[in-house]
Amino acid sequence: MEENELTGELSEKLFKDIDLEGLVAEVIKKRKKDLQEFPPPEAWFLGPKAEHGDVWLTTIEHIFRDYVHWRRNYFPEDPIVVDREQMKTHEPWVETLKFEIDSILNQLKAHFPFHSPRYIAHMISEQTFPGVVGYFAGMLYNPNNVTEESAPITTSLEIEAGKMIAEMLGYNPNTAWAHICSGGTLANLEALWIARMVQFAPLIVKDYCETHAVRDFEISMPDGSNIPIVDVPSKALLGLRPNEAAGSVRAIAAHLAEAQGDAVYEDINAYFSTNRFNVSYAGLHSILAKLGVRPVVFVSEAAHYSIKKAVNILGYGEACIRSVPVEPHFRMNVDALREEVFRVADDEYIAAVIAVAGTTEEGAVDPIHRIRFLRDDLETERNRSFWLHVDAAWGGYVRSVFCGLGLEHEGDRRKRLNEICEEYRRAIEVREETEVPVLEFDGDHASEGKKKLHLEWADFEVYSAYLAMPDADSITVDPHKLGYLPYPAGVIAFQNKLVTELVVQKAQYITDEIGGIKSAAREEEITAVGPYIIEGSKPGAVAAACWLSHKTIPLNYNGHGRLIKTSLLNTKKLARYFDLHGRLFDTIEHELYGEIDPGIRRFTFELLCEPDTNLVCYLCLPMKVGRDGKMERDTSAKLADINELNEAIYKRATIRNRPGKRKTPYSQEYFVSRTILTAGQYHPGSISGLLERLDIPIYDYEREGIFLLRSVVMNPWHFLAEKRGKNYLYDFVVHLHRTARDILNP
Ligand SMILES: *Cc1c(COP(=O)(O)O)cnc(C)c1O
């Protein structure tokens, strides 16, 4: 794509007409000052050795005592019903309970040590202090956020936490709508559920106008023209801009209210609720049959499987998914998407395009900005738009490093995206110089040297994608992943809170909320969650956890962003160690065995790709000395052998519990996770570069798939431990080296 395509409405919208040089210098100065004043991430967690154990204990005790007071002070004149004598008779039962508790505690010792810097495996790590104590406090009161009546306090905490998260994602917290749900899976489902409702709303409006002979109500088409809705073909209404579609019911009401007064709202709401195009009422099948269209959903090959579940549940069927190929970084290939989107058949419509910010397997970030430009083009050239959803379940919190810099909403001069990225790059400074020891060999004599490493996150495609995030209509993000919060905490955020009006579910016993739109004059604050969501009863405790954590560790560059920044750099560091493994081979051998055995079978580690977020995939490859004396891939090892090797490494770097055969993690030095690239998911064309680099024939790939080792680097302690002389990431590579060596040299 040409560079000048990167300018445009996007940059106009996001960026400013001011002295950026000066601003950035000021930002950096302020940043350094703030950093000194704000407690560092090590304060926020229990600690690998439970260093903060005392303060956690006293805080939890304080919360519990306070709760006991609350009970005792409620109608003090009410009688005490369990006396001390009675309590003595409870003792045997309490003893049984204690025994069973001990038994659970015993078993939990076989749990994975998520908190440990040695756990470099799945998307889980420490939980924040405010997250845990907020949860505990909330849990004692056991609020149910399905309705304010059963959760007067935590419902508002949920709404406030939603605003904080929406703001981190780049949305305007006053016009967006975000709430907590059970996780990314439900968030994705809800995004597509709402999109489905919004998409058909203009058809209801058209029906209304036809039956009520309203010929002068105009709708704004994607290409900017205004046309009476009754003249727009029904299929074309499926391609309106999402915000236009979401606001169409409100707009017709406002249009008619001028002449007819507020009574028209009730009329329209009643009409809406039982219209043949109301998908909640009429069902998807009947609408699609009427229109003679099929939905298609575009998402990259690297999408999370929850997208399949969602389209399955919504009645689209998994066949609606158009898998867009990925490019070598495992980001969506937007040129391929462009071709497909422009080629959608007459009897198809785009139900959604989904970008992933942080793919679950590779941590890759799709170029959201390019998808946005593509949508602009589709609007002007084809008069069609689409709902853009971003699945940022994993990578959403990475956006906190961009927040709180005062760079967001100033002025409106068009600027080149690259320049803007450069300003951000300088302001957020996600870079570091470090070094790693390497032995230099001169005959038998080894001398210590150092190899300098320059670490920097990330290329401007990733920056641009994060800056364009608020252009999406909905975003999924998981506080229980990079938010370092207890389960179950997913969040779904919508750019436009008006979408709530289209989905109100009435249950008289939980809400007074009236269905449908209200008077257009009232810009409603959303004060309840239950009426607009898929779930019913839901924990208020997790809302307290999210709120307290984000309140005390703000979602900006100086708060949560620092934690993210450290883990991004740690990921880069680990990636560089793998890159350098060829050079480190002898150093590690020397370190482990005091000598270098020329007879051993060689190997090295190869990165799948440069990671976009904090997760890295790699594999171990057998090597041999080539004719020129240099190391080269040992092609006698076929893909099946390589897979076997990596699977064996994985098995030794995890614990597998089979029923009745538990192993504790105490002797397990490091933990890693794995994934498998299969031809069913990734078309060989998408990963041809990788196959070439690894010298793997396509038919081997198609038959075997590629077994990968996978490390999520989110532990907060790596950096600090290194300052104390323990470099876990380097040790981890040494550990994998030793494991691979043992397997290859039995
Ligand atoms: C984890 C993840 C999900 C699913 O989230 P859950 O919280 O496990 O339901 C969806 N999409 C992506 C990209 C994820 O990483």
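F402, Y424, W457, F460, Y463 and Y466 come together in one aromatic cluster. In this analysis, rings of Phe, Tyr and Trp (its six-membered ring) count as a pair if their centres lie within 6.5 Å, with planes under 30 degrees apart called stacked, over 60 edge-to-face and the rest tilted. The model is a predicted one, in which local features need pLDDT of at least 70 and side-chain atom pairs count only at pLDDT 80 or more, while totals for chains, interfaces and linings use all residues. Residues are numbered from 1 along each chain as its sequence is written, and side-chain values use heavy atoms, with hydrogens and water left out.

Across the whole structure, the search finds 31 aromatic pairs. F200 and Y349 are edge-to-face, because their ring centres are 6.1 Å apart and their planes meet at 65 degrees. F200 belongs to helix α7 (residues 184–211) and Y349 to strand β6 (residues 348–356), so this pair ties together parts that are 149 residues apart in sequence. Helices (H or I, at least four residues) and strands (E, at least two) are DSSP runs, numbered from the N terminus. Both F200 and Y349 are buried; here buried means under 20% relative accessible area, exposed over 50% and partly exposed in between, with a 1.4 Å probe and protein chains only.

Another edge-to-face pair is formed by Y577 and Y730, at 5.6 Å centre to centre and with 85 degrees between the planes. This pair also links distant parts of the chain, since Y577 lies in helix α20 (residues 560–579) and Y730 in helix α26 (residues 728–744), 153 residues apart. Y577 and Y730 are both buried.

Charges meet rings as well. A charge sits over a ring if NZ of Lys or CZ of Arg is within 6 Å of the ring centre and within 35 degrees of the ring normal. R741 lies over the face of Y593, 4.0 Å from the ring centre, and the charged end of R375 sits over the ring of F386, at 5.8 Å from its centre.

The 13 residues of helix α5 (residues 129–141) should span 18 Å at 1.5 Å a residue, and the end C-alpha atoms are 19 Å apart, which agrees; the expected span is 1.5 Å times one less than the number of residues. At the start of α5, a side-chain oxygen of T128 comes to within 2.9 Å of the backbone nitrogen of G131. Buried residues of α5 include F129, V132, Y135 and L140, and the buried residues of this helix pack against α3 (53–73) and α19 (541–552), where contact means heavy atoms within 4.5 Å. After α5 comes N142, with a positive phi near 50 degrees.

Conventions. A polar contact is a pair of N or O atoms within 3.5 Å; within protein, one must be able to donate a hydrogen and the other to accept it, and residues adjacent in sequence count only if both atoms are side-chain atoms.
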